[in-house]
Amino acid sequence: MQNDEIIKTINRLLIEEIEIDEEQINPAAELKNDLGIDSLDFVDLFVIIENNFGLKMKAEEMAEVKTLQDFYNYIIQRVNPN
Amino acid sequence: MDHRVVITGMGIYSVIGKNLEEVKDSLYHGRSGIIFDPLRKKMGFRSALTGMVERPLLKGVLDRRLRVGLPAQGEYAYKATLEALKNAGIDQSFLDKHEVGILYGNDSSAVPVVESVDILRNKKDTMMIGSGYIFQSMNSTVSMNLSVIFKLRGINFTVSGACASGSHALGIGYLMIRQGLQNMIICGGAQEINPESTASFDALNAFSIRESEPTKASRPFDRDRDGLVPSGGAATVILESYDSAIKRGATIYGEIVGYGFSSNGEHISLPNVDGPVRAMEMSVRQAGIKHDKIDYINAHATSTPAGDSNEAKAIYLLFGKSRPLVTSTKSMTGHEMWMGGASEIIYSVIMMNNSFVAPNINFENPDESTECLNIASNTTAANIDIFLSNSFGFGGTNSSLIVKKFNR
């Protein structure tokens, strides 16, 4: 999957599955403070990401993922390691 | 000092109506909510009869986070509570300013447990289960979720007492308000409707197998009754102290004047006569009235051969002289189980405030144990000042509530 396609898919999943408002999707947005994604939502994101990317996210690795851009990078690095 | 306890709000999501108006109409016309469910037959049920409700659409009504941990019966309870709060004249700002509690009856939540374990068995990874199932799976799911949705800050727990759950929830709410511990409590009962939760009940051969005539299968007190029909939904009854209700100019729909309870101390599923007699007697004593003041009894009677007989005997022992009107609304709704104790209070209050008794449909012939009762098999005009409502459950748990018409 190309990087921009990964980003598009992540955005679609956040809007459709986590029900984030489309207007709030912005790479600089903070997941917790701006998008309101709390610890329980992260649990659901793990399931959604595994189902859509075949990638197992780990709770311990989330500490450094603060913004949406951080999240895009986290997924891209693991789906397209090169 | 004992506080008087009144009913200031009611809401219902039932197989005979999605709101009070629809339910009143169904009660008056003796309409049944029982169907034949082909899926159950396919799955291997002995009886495919069940009550049925439509699942509410809450996307766009409730935020995702508030929906994710809410199972189907929680959705029914949310709808019922919305209606109850509306007719109680209570909005969110009232709930924000006052400590309001919740005591809801519920005794199972099968589907979320089955689904989450299926995911585990399939994926061999609990990280694939998601955040909602744990909250959906617990018996306290309804009170847990509603207290978060409505931001309640008073008493908060679920009452589990099998088929007496809803009744006991109202009874305990009544006691708390009477004691002055809380001014207002959202009480009620919720019951899931699905094959997963009733399969092991069907295993007892306890359901009616009159599958060719679903609306005639639930026939409490009738000579040809052959078992109960499972059903469900949710019912909310808002209990409030009389002083609080008067202070805010609330409409009062009735007053709870007695709560009696007992345990049979015998068989886990077969009822007896002594337990129900003691529960009813206690409620009458608490109400401080004579037996002949009870105008109408909403019986527990589920359409089982033994259960209906024993309740008939118990009723006759206490009320044989005064012969109040007796019906079981389960003839129309089926056995609403954990919801029943709360919904049957609503059905009876509707009757009381509209001066009629809904028919015990399908009562065509009595048997030797039920012929002594004054059973209304047709819609009957009646002046009900005081009614008694029974709910009995597995393990021999019994609950009897007495409600009086409110006159200013």
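Trainee: How many helices and strands does chain A have?
Mentor: Chain A has three helices and zero strands. Helices (H or I, at least four residues) and strands (E, at least two) are DSSP runs, numbered from the N terminus. Bear in mind that this is a predicted model: local features need pLDDT of at least 70, side-chain atom pairs count only at pLDDT 80 or more, and totals for chains, interfaces and linings use all residues. Residues are numbered from 1 along each chain as its sequence is written, while chains are lettered from A and ligands numbered from 1 in the order in which they are written.

Trainee: What pattern does chain A follow along the sequence?
Mentor: The pattern is α-α-α. The radius of gyration of chain A is 12 Å, close to the 12 Å from the globule rule for 82 residues, so chain A is as compact as a globular protein of that length. That radius is taken over C-alpha atoms, and the rule is 2.2 Å times the number of residues to the power 0.38.

Trainee: What box do its C-alpha atoms fill?
Mentor: Roughly 30 × 25 × 20 Å for chain A, along the principal axes. Of its 82 residues, 17% count as buried. Buried means 20 or more other C-beta atoms within 10 Å of the residue's own; exposed means 12 or fewer, and partly exposed is in between, with C-beta atoms placed from the backbone.

Trainee: Switching to chain B. Which domains does it have?
Mentor: Domain 1 (5-247) and domain 2 (259-395). The bounds come from an automatic or database domain assignment. In chain B, 61 residues of domain 1 are in contact with 54 residues of domain 2.

Trainee: And which element gives the largest share of the domain 1 side?
Mentor: α9(B), with nine residues of the side that touches domain 2 of chain B. By class, that side of domain 1 has 29 nonpolar, 23 polar and nine charged residues.

Trainee: What about β7(B), is it buried or exposed?
Mentor: Nine of its nine residues are buried, so β7(B) is largely enclosed by the rest of the structure. Both faces are covered, with Val237(B) among the buried residues on one side and Ile238(B) among those on the other.

Trainee: Which strands does β7(B) pair with?
Mentor: β1(B) pairs with β7(B) in the antiparallel sense over nine bridges. Eight bridges join β6(B) to β7(B), also antiparallel. Pairing takes at least two DSSP bridges between two strands. Gly9(B) stands opposite Ile238(B), and Gly189(B) has Ala235(B) as its bridge partner.

Trainee: One more residue: why does Glu75(B) count as buried?
Mentor: Because Glu75(B) has 23 C-beta neighbours inside 10 Å. Glu75(B) is in helix α4 (residues 72-87) of chain B. Glu75(B) and Ala234(B) are 159 residues apart in sequence but 8.7 Å apart in space, C-alpha to C-alpha.

Trainee: What's the mean pLDDT of chain B?
Mentor: The mean is 98, and 100% of the residues of chain B reach 70 or more. pLDDT is the predictor's confidence in each residue, from 0 to 100. The model scores ipTM 0.93 and pTM 0.97.

Conventions. Two residues are in contact if their C-beta atoms, placed from the backbone, lie within 7 Å. Ala, Val, Leu, Ile, Met, Phe, Trp, Tyr, Cys and Pro count as nonpolar, Asp, Glu, Lys and Arg as charged, and the others, Gly among them, as polar.
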